[in-house]
Amino acid sequence: MEAPSSAPAAEPQFLASGTGTEPAQPSATGDGPSTSKAQLILTLGRVKTLIKEDADVKFVSSEAYFAIAKATELLLEAMTERAAQPMLQSGRSQLGYGDVAQAVSSWQSLDFLGDVIPHKIPAGVVLQKMLAAKAAAAVA
Amino acid sequence: MTTPEVTDAEIPKALLKRLIKAKLSTVAGADPTRDYQIHKDALLAFQEAAKIFIHYLTATANDVCRDARRQTISAEDVLTALNDLDFGEVTGELTEALEDFRTEAREKSKKKAEGKKRKAEGEEPFCVHLDLRLFGAQGKVERSCIGRSAVLR
């Protein structure tokens, strides 16, 4: 390999792209990564996978991907807030299934989850109901 | 109505847990120092809820987009869908998040453009062909530099 002749000292900037030698530029809005509302906890990639499972969906803008992911986070947080009420009122510190089912049944907008997160009925109660129904039928 | 999808994809439990726990400590009446737990059945319920909500919101936004005779679902379609589904209460926060998202996207593409510009200005038209590998270029040697050098020959 021959040495460069009269080459000017190559600035790292030639190669800077992607090597991280550029100084970090302060955000114009003053919002650093820690205060930005655009941060997601859920993985965007996984959300995209779920979105694309809909065969009817053709194209989705990157903003829309983000919007759906963020909306899902906000919904989960709203559900958490509601589910926390019965938990706190009973003085518990563990969020149980029943708390979530309670949140679903008391919030009309969550009707689409009604079949997925129903109130659990203890087997004993179901058995009693079945026996009672049977007895009623026998009498009739 | 869209056909039902059978899927193995889920929102990772660990991330859900983080999200829920963070919210629990800020809920009204909660003790912010206490470490609240989530029963595994409750976590499963949240996981299902997340998956179904994403499909539900996507399908609705898709309908909104179709009705407007467009091909690409936009953020506005998502906002409209949320209102249609009675989730108007999250649209305020979502709109703010979208503003930050757009600002950051603009800055990212600005940085990219500046990076490209610097590369272009750095190249002097009359200098000797420089093999960038002599300067320790690792991996991808910039194609644009090689192209321009070929022209100089």
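Begin by selecting residues 44–104 of chain A, the range for which an unreviewed UniProt entry lists "domain: Transcription factor CBF/NF-Y/archaeal histone". The model on display is predicted. Over this selection, residues 44–104 of chain A, the chain is 74% helix and 7% strand.

Chain A contains five helices and two strands. Followed from the N terminus, its elements run α-α-β-α-β-α-α.

Now select helix H2 (residues 44–52) of chain A together with helix H3 (residues 62–89) of chain A. The two helices pack at an angle of about 100°, and their axes lie 10 Å apart. Because angles of 65 to 115 degrees count as roughly perpendicular, H2(A) and H3(A) are described as roughly perpendicular to each other.

Show the side chains where these helices meet. On the H2(A) side, select Leu44(A), Val47(A), Lys48(A), Ile51(A) and Lys52(A). On the H3(A) side, the partners are Tyr65(A), Phe66(A), Ile68(A) and Ala69(A). Colouring this contact by residue class gives seven nonpolar residues, two charged residues and no polar ones.

Finally, return to chain A as a whole and switch to a surface view. Chain A exposes about 8200 Å², of which carbon and sulfur atoms supply 56%. Of the 140 residues of chain A, 33% count as buried. Among contacts in chain A between residues at least 6 apart in sequence, 37% join residues at least 24 apart.

Conventions. Residues numbered from 1 in each chain as written. Chains lettered and ligands numbered in written order. Predicted model: local features only at pLDDT ≥ 70, side-chain atom pairs only at ≥ 80, totals over all residues. Heavy atoms only, no water. Axes fitted to C-alpha atoms, helices over the stretch in contact; angles between N-to-C directions. Helix = DSSP H or I, 4+ residues; strand = E, 2+ residues; numbered from the N terminus. Parallel < 35°, antiparallel > 145°, perpendicular 65-115°, else oblique. Contact = heavy atoms within 4.5 Å. Nonpolar A, V, L, I, M, F, W, Y, C, P; charged D, E, K, R; others polar. UniProt positions renumbered as here; feature names shortened; annotations may be inferred. Buried < 20%, exposed > 50% of the residue type's maximum accessible area, 1.4 Å probe, protein only. Areas by Shrake-Rupley, 256 points an atom, 1.4 Å probe, with all protein chains shown as cover.
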